[in-house]
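Thanks for coming, everyone. Let me put the structure up, and then we'll walk through a few parts of it.

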Amino acid sequence: MKFDVDVVVLSNIEKAVPPAVECLVGLPTKDPWSLPFLHKKLFLERLNLYDLFIYSEDDILITEENIRAFLDVESDLNEDEIAGFLRVEYGPNGERNFPEVHGHFRWDCESVRVRGSYTLAHFTNEHSACYILTRQQLAKAIASGGFLVEPHEGEYDLLCSAATDPYTQCGFRRLIAVSHVEQFWVHHLPNKYIGRFGVDQHELGSQISALLQIASQEQKRCSLLNTETSLWHKMYSKDYYEPIRNDVLSLIPRSAERILSIGSASGANELRLLETGKRVVAVPLDDVISSESAARGLQVVSGDFDTARAKIGPMRFDCILFLNVLQFVHRPEHLLRLFADALSPGGAILITAPNRPYVRYRWRRKGGSGLRHGRLSFETTRIHNTSTSVIRRWCAESGLSMERTSKVASTRANGSKQNRLFSLFAADVVALAKRVDDPNERRGSTRNGGNAGEPL
């Protein structure tokens, strides 16, 4: 590089390093995963010696181009804004994978802004295993009281918290320059997440195109609803890249031809229904996550719930899907009532939600450290404690009768023996409901659920 660079390696043991490299040995606490927090004390001690401070895990390639891009955009940003990076991986044939784009992480449509020649947006996964701060930004972070803190975890684990504290605790807003995104890629050298999670360049490009379109239209775009919990590590937040759930889709009545999906994300399940010849309309979580599925033929109705319902107008559907949506809505019965009259005669509503997430949360946090919730309510956790009886009550209060219920294995469980057993306890609830005043309602069902305990 054409910069005067000093390199310091942090380690828990002595290591042989080149003469020009300094190795500092130590741990902030007995936990070996606390090692990354050691850099904060180092930055404080050398605050007045450098113009730029770069923190990086040991498998991230930061280039001179990355640093110059950071400096160029910083001159256009506000004092509380910092340019961030995205990790990129390369497959054997040169294909690119972006591991930060997975799970509940998403682009914030409301954050799109233009600064100078740059269009920027906030991505909710603020971990990229590195960050850059100017001396002035570092001084502001230290003064905030959120930088020089004990090793901790909450939204992120220990390792990720060390790399995200400037954004999550010090009052800065991390923005990605989507108009020049290739200059803000940093290579994750192990390339170990390809085929496991993340999106390819085509999917990322589709999302960025949607962000640039939002910027050009200068119209405020909002997400349909908040789908992130405030639980430790954001447990039970909605997966924006939820895989195809054939076990759930198979429960849609065979006679259903016209399907409405409320709160769709990347659209995997909706596109699968399209492939089977169904007519599908989706009310997406936002215009960015739905951009790729819309390009592949999914009919999308954008806007908030009321706007979407008005756009749908007199259209009627044989089945309405609420797949992992209702638990994030403050008054689920109101949302059910809003769309219930869009059912055609004999139509059904299919609902999925996690089975008692509060109980499972306490079970998983037992004996652990970090954030705990003493009072688990929707106001504190941003998720309802859903169960079969809770969903039955929502249906009854919205003029629906729960026809049948079932439980399916959760996509959150992995393949270990412990988690195979846990998946039985952690199953998702699936409920099929119809309108009480429907003349085609199945004989024998009642307002309180009828044969609600009968498996599908």
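Start with helix 7. Its buried residues pack against helix 6 (246-249), strand 14 (258-264), strand 15 (279-284), helix 8 (291-295) and strand 17 (317-323). Contact here means heavy atoms within 4.5 Å. Helices (H or I, at least four residues) and strands (E, at least two) are DSSP runs, numbered from the N terminus.

This is a predicted model: local features need pLDDT of at least 70, side-chain atom pairs count only at pLDDT 80 or more, and totals for chains, interfaces and linings use all residues. Residues are numbered from 1 along each chain as its sequence is written, and side-chain values use heavy atoms, with hydrogens and water left out.

Which residues of helix 7 are buried? In residues 268-275, they are Asn269, Glu270, Leu271 and Leu273. Buried means under 20% relative accessible area, exposed over 50%, partly exposed in between (1.4 Å probe, protein chains only). After helix 7 comes Gly277, with a positive phi near 95 degrees.

Two strands pair if DSSP finds at least two bridges between them. Strands 14 and 17 pair in the parallel sense, over 3 bridges. There, Leu260 stands opposite Ile320 of strand 17.

Stay on strand 17. Phe322 is found there. Buried or exposed? Phe322 is buried, because its relative accessible area is 0%. Setting aside neighbours within four places in sequence, Phe322 contacts Ile262, Leu335, Leu336, Phe339, Ile349, Leu350, Ile351 and Thr352. Take Leu335: it is 13 residues from Phe322 in sequence, and 10.0 Å away in space, C-alpha to C-alpha.

Next, a loop. Ser290 sits between strand 15 and helix 8. Ser290 counts as buried, because its relative accessibility is 3%. Not counting residues up to four places away in sequence, Ser290 touches Ala265, Pro284 and Val300.

Last stop, helix 1. Its residues are 38-45, and the buried ones are Leu38, His39, Lys40, Leu42 and Phe43. Those buried residues pack against strand 1 (7-11), strand 2 (21-25), strand 3 (52-56), strand 10 (130-134), helix 3 (135-144) and helix 4 (158-168).

In the segment before strand 1 lies Val5. With a relative accessible area of 46%, Val5 is partly exposed. That's the tour.
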